[in-house]
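Here is a protein to explore step by step. Take a moment to look it over before reading on.

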Amino acid sequence: MRLTVIGTGYVGLVSGTCFAEMGNEVTCIDIDQKKIEGLKKGIIPIYEPGLEPMVLRNVKNGTLHFSTDLSKHIKNCDIAFIAVGTPMGEDGSADLQYVLKVAEQIGQSMDATLIVVDKSTVPVGTADKVRTTIQKELDKRKLNIEFDVVSNPEFLKEGDAINDFMKPDRVVVGADNPEATKKMRQLYAPFFRSSMDRLITMDVRSAEMTKYVANAMLATKISFMNEVANICELVGADVNKVRIGIGSDSRIGYSFIYPGSGYGGSCFPKDVKALKKTATEHGYIPQLIGAVEDVNDRQKLVVAKKIAQRFNEDLKGKTFAIWGLAFKPQTDDMREAPAIYIIKYLVERGAKIQAYDPKAMNEAKEFYLKDLDNISYHDSKYDTLNGAEAMVLLTEWKEFRSPDFNEIKKRLNKAIIFDGRNQYNDTILEELGIEYHQIGKTTKNK
Ligand code: UDX
């Protein structure tokens, strides 16, 4: 099939590349000329394992193209995917201006039957707005062309995006016309060859809602466990044991019940807020979804507050080594990363930061922590430790999992670790004489 994917962000670039990998003829469109020029040469704007070789391979094969010319490519395709950003507006709702601008351009240039697919995460009712916007442009051009607007939300995770796309748990297709559903089934069929058919079809509004509900449910699991972790500390229980105890019940399951420093990234914070906003706009005040958000905001500062308390609320002139800046491992993404909030909290109280992250240091320097003076970046995790009072682990990169603890002890002023991701065994650290603070269990040897 001939596909046009509009927007070369995370979702657009990964989807376009994976569709090309399956033999479709794909053109990825973006208004950012520099980005498109770079992509043509194989320069990938994000860090995502496995993406670069797949882009290069498909560009070379001639199945994947990049362009800034939406109007030219829309004339020549079977399906157009809208995958532009839906950033959070001031009031917490998803900002649809980019989606609707693209819809307008599609209406201004299409000249044959077309399926338009919303792949961006968009609030319920957006497909109707996209349809009306396209129709308005066609009416201006006095054209009578049939088209469908389909909702096909994307569930990929950063850091494992290629795998998620190539072997999806499910593909959700919301369409009001059976012909459009048929075409989408045809497009996705090769992704299910070795497994059962995981394509779930439904009406457009339910598909739009599914994406928000999936993310809000996962965010709820995390906030619930973070709240449980805080209670565990108070009552002298160990959340690591409780997690295993409850996860063994298949109705609960082991995934997404890891307590930590709160969820971050581009999806959960934005989508939970947007779902709350949608409900409110329809006259329903959601109690639980609002609480999920509040618990997460508070959780982001739990580690920072533990540090302040340990040093008797006097952080002036004290140095802390930060291991990990990205919101999770295997990505350079720092959107809503707990590290931003924790580092700012410490610096505002006079502390100095020595940071290391395998991939996200440029993001930190250029965007998220660019206004901070008291922060230095280091080439290795051990270099951050020199002269620091404590090591603070904020992202669970594999290279932090089994470090040389004697080296950590040797370099730190005091042998203290604050772990925002519960990565280590407290008994082993205790034996080594390291004071170990984690989430959801009190420290014995302070
Ligand atoms: C998420 C969804 O998983 C994906 O389906 C959707 O399309 C986009 O949002 P992503 O944001 O890439 O993907 O990351 P994910 O791996 O889901 O983690 C989200 C956040 O939750 C991270 O900050 C992570 O550290 C945190 N998390 C996850 C926990 O704190 N505990 C857990 O048990 C799991």
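The paragraphs below go from the domains to the ligand, then to one helix and a few single residues.

Before we start, please keep in mind that this is a predicted model, in which local features need pLDDT of at least 70, side-chain atom pairs count only at pLDDT 80 or more, and totals for chains, interfaces and linings use all residues. Residues are numbered from 1 along each chain as its sequence is written.

Let us begin with the overall layout. The protein is divided into domain 1 (2–202), domain 2 (212–298) and domain 3 (300–437), with bounds that come from an automatic or database domain assignment. Between the C-alpha centres of domain 1 and domain 2 there are 30 Å. Their contact takes 10 residues from domain 1 and nine residues from domain 2; two residues are in contact if their C-beta atoms, placed from the backbone, lie within 7 Å. On the side of domain 1 that touches domain 2, you will find five nonpolar, three polar and two charged residues. In this scheme Ala, Val, Leu, Ile, Met, Phe, Trp, Tyr, Cys and Pro count as nonpolar, Asp, Glu, Lys and Arg as charged, and the others, Gly among them, as polar.

Now turn to the ligand. It is surrounded by 19 residues, and the closest are Glu 158, Tyr 258, Tyr 263, Gly 265 and Cys 267; a residue is near a molecule if its C-beta atom, placed from the backbone, lies within 6 Å of it. Domain 1 and domain 2 each supply at least three residues of this shell. Helix α9 gives the largest share, three residues. By class, the shell has 11 nonpolar, four polar and four charged residues.

Next comes helix α12, which spans residues 287–299. Helices here are DSSP runs (H or I, at least four residues), as are strands (E, at least two), and both are numbered from the N terminus. The 13 residues of α12 reach 18 Å from the first C-alpha to the last, close to the 18 Å expected at 1.5 Å a residue; the expected span is 1.5 Å times one less than the number of residues. Which residues of α12 are buried? They are Ile 289, Val 292, Glu 293, Asn 296 and Gln 299. These residues are on the same side of α12, because they cover an arc of only 130 degrees around the axis, taken from the directions from the helix axis to the C-beta atoms. A residue is buried if 20 or more other C-beta atoms lie within 10 Å of its own, exposed if 12 or fewer, and partly exposed in between, with C-beta atoms placed from the backbone. The buried residues pack against α9 (204–235), α11 (268–281) and α13 (302–310), while Gln 287, Asp 294 and Asp 297 are exposed on the other side of α12.

Finally, visit some loops. Pro 259 sits in the loop between α10 (239–247) and α11, and it is buried, with 28 other C-beta atoms within 10 Å. Leaving aside neighbours within four places in sequence, the contacts of Pro 259 include Met 225, Ala 229 and Asn 422. Asn 422 itself belongs to the loop between β13 (416–419) and α17 (426–431). Although Asn 422 is a residue other than glycine, its phi is positive, near 45 degrees. Gln 330, in the loop between β9 (319–323) and α14 (338–348), also is not a glycine and has a positive phi of about 65 degrees. Most residues other than glycine have a negative phi.
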